[in-house]
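Here are my notes for you to read alongside the model.

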Amino acid sequence: LLYLDFFILQKSKSNSYVVVRKRGILESRIYNLPCLPTPIPDPENSSSEPEVDAMGVPIWDGVSKGNATKNDKKPGKKPSVEQCRRWQESLENVLHDPKGEAHFLRFLKKEFCSENFEFWKDVKQLKKKNPAGEKLKKDVKSIYDNYIGESASKQINVNGKLKVAIRDSVDEPYLEMFDDAQKFVIQLMRDGPYRRFIDEDNLQEILKGHG
């Protein structure tokens, strides 16, 4: 058996929220996480394949289907305790929740490090629009000038090899040309600001409506 340490939000007697450290058992591919209102399904026994985005990341709508409310789906509004628990599980749960995206971006701007998120978001929007021809060239050039080029105003910290590969594709662009850079900045966010975002003090402020 393998053990997994994780953090959950619990309501105290004083009606404030505190983050409590728990330990669960990791066996096969099932996480035995107490205090979550619904079990996490076993992918191997699921009756249908989960929906994934263009990068193969499972898409979660931000709330449990049985507990969804109109407020849960409004970006920027105060989240539910359940949503904060989900955000603690993975960065992907933050990025695929409109409210999580809004709060994470607000947090990054306060830390003056929002460029990686904004690049990831712009590439996501590019794929969603799925432009072609001259429109694709224009949109790709805009992303390159904003985040990759030598004089980029929001230059992201990707290695030279990636920069060269992207630069060489600008004149003959394709939708997947930013994929490696997008994965790179996701990892940078996961290792840095995401850990600070799910810190107990920050989540408590968000739950109070101050985050």
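1. **Overall make-up.** The secondary structure of this predicted model comes to nine helices and three strands.

2. **Burial and surface.** The protein chain has 211 residues, and 40% of them count as buried. Its accessible surface is about 12,700 Å², with 49% of that belonging to carbon and sulfur atoms. As for contacts between residues at least 6 apart in sequence, 57% join residues at least 24 apart.

3. **The nonpolar core.** Which residues have the most contacts inside the largest nonpolar core? They are L91, F104, F119, F178, M189 and F197, in a core of 39 residues. Helix α5 supplies the largest share of this core, with six residues.

4. **M189 and its partners.** M189, listed above among the core residues with the most contacts, is worth a look in your viewer. Leaving out neighbours within four places in sequence, M189 is in contact with L91, F104, L108, N116, F117, W120 and Y194. Two of these partners, L91 and F104, are also on the list of core residues with the most contacts.

5. **Aromatic pairs, starting with F104 and F117.** The structure holds seven aromatic pairs. A pair of aromatic rings is described by the distance of the centres and the angle of the planes. For F104 and F117 the centres are 6.1 Å apart and the planes make an angle of 80°, an edge-to-face arrangement. F104 sits in helix α3 (residues 98-110) and F117 in helix α4 (residues 115-129), so that the pair links distant parts of the chain, 13 residues apart. Both F104 and F117 are buried.

6. **A second pair, F119 and Y147.** This pair is edge-to-face too, at 5.5 Å centre to centre with 65° between the planes. Because F119 belongs to helix α4 and Y147 to helix α5, the pair ties together parts that are 28 residues apart in sequence. F119 and Y147 are both buried.

7. **The aromatic cluster.** Please also have a look at W87, F104, F107, F117, W120 and F197, which form one aromatic cluster. The F104 and F117 pair described above is found among these residues.

8. **The loop between α3 and α4.** This loop holds both S114 and F112. S114 is buried because its relative accessibility is 11%, under the 20% limit for burial. Not counting residues up to four places away in sequence, S114 touches L105, L108 and K109. F112, by contrast, has a relative accessible area of 75% and is therefore exposed, the limit for that being over 50%.

9. **Positive phi values.** F112 has a phi near 55°, which is positive in a residue other than glycine. N130, in the loop between α4 and α5, has a phi near 50°, again positive in a residue other than glycine.

10. **One face of helix α6.** Which residues of helix α6 (residues 160-167) are buried? They are L162, K163 and I166. Seen down the axis of α6, these residues fall within an arc of 100°, so they line one face of the helix. An α-helix has 3.6 residues a turn, so residues three or four places apart point the same way. The cover over the buried residues of α6 includes α5 (133-148) and α7 (179-191).

11. **The start of α6.** Here a side-chain oxygen of N159 comes to within 3.2 Å of the backbone nitrogen of K161.

Notes. Residues numbered from 1 in each chain as written. Predicted model: local features only at pLDDT ≥ 70, side-chain atom pairs only at ≥ 80, totals over all residues. Heavy atoms only, no water. Buried < 20%, exposed > 50% of the residue type's maximum accessible area, 1.4 Å probe, protein only. Helix = DSSP H or I, 4+ residues; strand = E, 2+ residues; numbered from the N terminus. Arc of directions from axis to C-beta. Contact = heavy atoms within 4.5 Å. Polar contact = N/O pair within 3.5 Å; in protein donor to acceptor, adjacent residues only side chain to side chain. Phe/Tyr/Trp six-rings, centres within 6.5 Å; stacked < 30°, edge-to-face > 60°. Areas by Shrake-Rupley, 256 points an atom, 1.4 Å probe, with all protein chains shown as cover. Core = buried A, V, L, I, M, F, W, Y, C linked by side-chain atoms within 4.5 Å.
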